[in-house]
Amino acid sequence: MGSDSEVEKTQQKEKERKKMLAIAPIAKPLAGKKLSKKTLKLVRKASEHKCLKRGVKEVVKSIRRGHKGLCVIAGNISPIDVITHVPILCEEAEIPYVYVSSKEDLATAGATKRPTCCVLVLTKPTKGELAIEEQEKMKADYGQIVSDVSELTSSLF
């Protein structure tokens, strides 16, 4: 008989396997564990500083208005037709985008209870201003993740 920790590990692996099976075939570039964790951390910070647009409707509206940032899309959306136009809009507007494995994780990072299809992390808040230190830290994190995403994208194509 295995210990409780072994049972928990096998359950965790099973959950991860189910998450990976639910990911849509168009979810490329898909962030790995490390990049996904960094990206969700950035989404959480952006949510705290009001630099975040949640949901397909808000994201599309912001992209069309010319706002710049990083688009984070959930890879386990069903039906996939809901978000198929978002990567095309991002490419036309030259906005980097990346897929994460779970819409639930994306919603948790974005401080909402409802699962979220996509979010747009803006470079500056829509209203008001941030403190200089916070703005510099946010820009540094944003720059790091964008460079990681562009590196991931260049390795795919």
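Trainee: Where does Pro29 lie?
Mentor: Pro29 is in the loop between helix 1 (4-21) and helix 2, where helices (H or I, at least four residues) and strands (E, at least two) are DSSP runs numbered from the N terminus. Keep in mind that this is a predicted model: local features need pLDDT of at least 70, side-chain atom pairs count only at pLDDT 80 or more, and totals for chains, interfaces and linings use all residues. Numbering starts from 1 along each chain as its sequence is written, and side-chain values use heavy atoms, with hydrogens and water left out. So the place to look for Pro29 is the loop between helix 1 and helix 2.

Trainee: What is omega for the cis peptide bond at Lys28 and Pro29?
Mentor: Go to the loop between helix 1 and helix 2, where you will find Pro29. The cis bond that joins Lys28 to Pro29 has an omega of about 5°.

Trainee: Which residue is joined to Pro79 by a cis peptide bond?
Mentor: Pro79 sits in the loop between strand 2 (69-74) and helix 4 (86-92). With omega at about -5°, a cis peptide bond joins Pro79 to Ser78.

Trainee: How many salt bridges does a search of the whole structure find?
Mentor: In general, side chains of opposite charge can pair when their charged atoms come close. A salt bridge here is a side-chain nitrogen of Lys or Arg within 4 Å of a carboxyl oxygen of Asp or Glu. By that rule, the number found in the whole structure is two.

Trainee: How many residues apart are Asp148 and Lys38?
Mentor: Asp148 and Lys38 form a salt bridge, with 3.4 Å between the closest N and O atoms. Asp148 belongs to helix 6 and Lys38 to helix 2, so the pair links distant parts of the chain, and the separation is 110 residues.

Trainee: Which residue forms a salt bridge with Lys45?
Mentor: Lys45 is in helix 2 and its partner is in helix 6, so the pair ties together parts 96 residues apart in sequence. Lys45 is partly exposed at 23% relative accessible area, where buried means under 20%, exposed over 50% and partly exposed in between (1.4 Å probe, protein chains only). With closest N and O atoms 2.6 Å apart, the partner of Lys45 is Asp141.

Trainee: Which helix gives the most to the positive patch?
Mentor: Lys37, Lys41, Arg44 and Lys137 gather in this surface patch, whose members have over 30% relative accessible area and no salt bridge, like charges being joined within 9 Å and nonpolar side chains within 5 Å. Lys137 is found in helix 6 (residues 132-156) and is exposed, at 53%. With three residues, the top contributor is helix 2 (residues 33-48).

Trainee: What is the phi of Glu94?
Mentor: Glu94 lies in the loop between helix 4 and strand 3 (97-100), and is exposed with a relative accessible area of 69%. Although Glu94 is not a glycine, its phi is positive, at about 55°.

Methods
Accessible areas come from the Shrake-Rupley method with a 1.4 Å probe; for residues, only the protein chains shown count as cover. Lys and Arg count as positive and Asp and Glu as negative; His and the chain ends are not counted. The place of a charge is taken as NZ of Lys, CZ of Arg, CG of Asp or CD of Glu.
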